[in-house]
Amino acid sequence: MKYKEINRIPVEDLNDIRNDDGENDSNAIRTILKHYLVELNQILALNKKPLLKLNDITIDLDDEIDNHHSNIMSVKISCGVFRFQLEEQFNNCGILVSTRTWVAYTNIGIGTFLHAIKEDIACVNGYSFMMYTDSISNSDTLLKPNTKIMESIGTKRIFKGYNTRSGNFIAIWMKDLTSYYNKRQDKENKIKNKNLETLTELPF
């Protein structure tokens, strides 16, 4: 599945579940997961894989991170199909870092699909940027699957270097969520206004 084909939650609906009280809220995360679970199960069914239920997904919020500051996001979301963690960047409250992502089935679109979930969780918790790190190929012509995903979802590679500990080349990717969701909001508003204009022109 391509990133642009994912049935995203409207920005207006995300604003309704936005976490404005400064507390980490598993209910908002569960609402987001419930929306995407429908489409995720369609992917699994097409590939003859077991389907997921909402209760199959564990949401592990660390409410005592950094001297009990509960407004700092630290969450691990896991099930038999995928797993990932989201951590607030140390000393920067505007960046949410995606780490330790794993999928049980590759090459069927789950990895791409997870980015929509991660971004919406970041959005409703007020983060402005999403950051990813990844091992990459040193060749710009021979791209790893994860690199292709990063480029397809609108992230920018802000760093590339050699990791002497692993012998791999690594990259740091960043996505401007504020800009992304503002553009989506504008697009959704235009569609909504156009639909309203069409309705007023219909004869009754």
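Lys192 counts as partly exposed, at 42% relative accessibility (partly exposed lies between buried, under 20% relative accessible area, and exposed, over 50%, with a 1.4 Å probe and protein chains only). This is a predicted model, where local features need pLDDT of at least 70 and side-chain atom pairs count only at pLDDT 80 or more, while totals for chains, interfaces and linings use all residues. Residues are numbered from 1 along each chain as its sequence is written, and side-chain values use heavy atoms, leaving out hydrogens and water.

So what does Lys192 pair with in a salt bridge? Its partner is Glu12, at 3.5 Å from N to O (a salt bridge is a side-chain nitrogen of Lys or Arg within 4 Å of a carboxyl oxygen of Asp or Glu). Lys192 sits in helix H6 (residues 177–201) and Glu12 in helix H1, 180 residues apart (helices are DSSP runs of H or I, at least four residues, numbered from the N terminus). Glu12 is partly exposed too, with a relative accessible area of 42%.

Stay in helix H6 and you'll find Arg184 and Glu188, four residues apart, about one turn of the helix. Their closest N and O atoms are 3.3 Å apart, in another salt bridge. Arg184 counts as buried at 11% relative accessibility, whereas Glu188 is partly exposed at 26%.

Now look at Arg8, which forms a salt bridge with Glu119, the closest N and O atoms being 3.3 Å apart. Arg8 lies in the segment before helix H1 (11–16) and Glu119 in helix H4 (residues 110–124), so this pair ties together parts 111 residues apart in sequence. Both Arg8 and Glu119 are buried. They also belong to a salt-bridge network with Asp120 and Lys175. Across the whole structure, the search turns up five salt bridges.

Technical notes
Helix = DSSP H or I, 4+ residues; strand = E, 2+ residues; numbered from the N terminus.
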